[in-house]
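Colleague: I would like to learn how to read strand pairing and ring contacts in a model. Please start with the strands.

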Amino acid sequence: MWSIEGTALELTFNYGTDSESFKGYHTGNQERDGFGHVAFNTDDVYAACEKLEAAGVTFKKKPDEGRMKGLAFAYDPDGYWVEIVKRGEPNKIKNYFNFSQTMLRIKDPSKSIPFYEALGMKLIRGKNYGDFSNYFLASASNVDESVGDYSSLSDDEAKAKLSMMFGPVLELTHNHGTENDEDFKHYNGNEEGRQGFGHIGFLVDDVYASCDSIREMGYGFKKEPDGGSMKGLAFAYDPDGYSVEIIKRGGIDFGDIKV
């Protein structure tokens, strides 16, 4: 898993939370919450949502509801939002669904975008909607090198490229004005009583060298590579305080029993 070019969705189960006494996790999307949703692309959103509904899935928004037709938000079993998005072209990707996005809210794109570009991501599309903007960044394995400069594309062209990416992108949502509020801060999903979203992660060849570069950006670490009992693994903070795991490509042997 630590050598894949794609991305994994890590689900953490804390024993005992399956009991009736557990009140559930904080799924985000309340005031000042940072984490928004994950997303999956599919050829036909309407058909996909019919299949999901038949399987017992409930929805925050069905494809024909609201202003944005053909786009849906399902609830997963914990209540997290899962966006269902239409691909630009049908019958090009064999998977019925592909994991396509993780959305985080950011305070200041002039800080967050350079941070993730320093981790090897490329800005594929930025769109200003008046009171907020969305920025979509992809890792190198997900980028069409023939495009070269994505900023040269029209918005429709960039949107079409995004819709046909098999690997996921990082969607950063900026609500305009937060960058001017010195006291504004998003909840990062790990605060007491608000736990749900945990972190995102990046694979690198050399954790120590990568952390030396990240350290220069000045946002600090939750865990340095040699901190704690798990050596060679780090958690950096991004400009909004989200945890970003830095993992050695190929993995680290912690003595786990592999089955």
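Modeller: Strand 1 and strand 4 (residues 81–86) run parallel and are joined by 5 bridges. Strands are DSSP runs of E, at least two residues, and helices are runs of H or I, at least four, numbered from the N terminus; two strands pair if DSSP finds at least two bridges between them. This is a predicted model, in which local features need pLDDT of at least 70, side-chain atom pairs count only at pLDDT 80 or more, and totals for chains, interfaces and linings use all residues. Residues are numbered from 1 along each chain as its sequence is written, and side-chain values use heavy atoms, with hydrogens and water left out.

Colleague: Which residue stands opposite asparagine 41 in strand 4?

Modeller: Valine 85 does. In strand 5, asparagine 41 has asparagine 98 as its bridge partner; strand 1 and strand 5 (residues 98–106) pair in the antiparallel sense over 6 bridges.

Colleague: How should I read a ring pair?

Modeller: A pair of aromatic rings is described by the distance of the centres and the angle of the planes. Rings of Phe, Tyr and Trp (its six-membered ring) pair if their centres lie within 6.5 Å; planes under 30 degrees apart count as stacked, over 60 as edge-to-face and the rest as tilted. The whole structure has 13 aromatic pairs.

Colleague: Why is the pair of phenylalanine 115 and tyrosine 219 edge-to-face?

Modeller: Because the planes of phenylalanine 115 and tyrosine 219 stand at 75°, with ring centres 5.9 Å apart. Phenylalanine 115 lies in helix 2 (residues 109–118), and tyrosine 219, 104 residues away, in the loop between helix 4 (207–215) and strand 10 (221–223).
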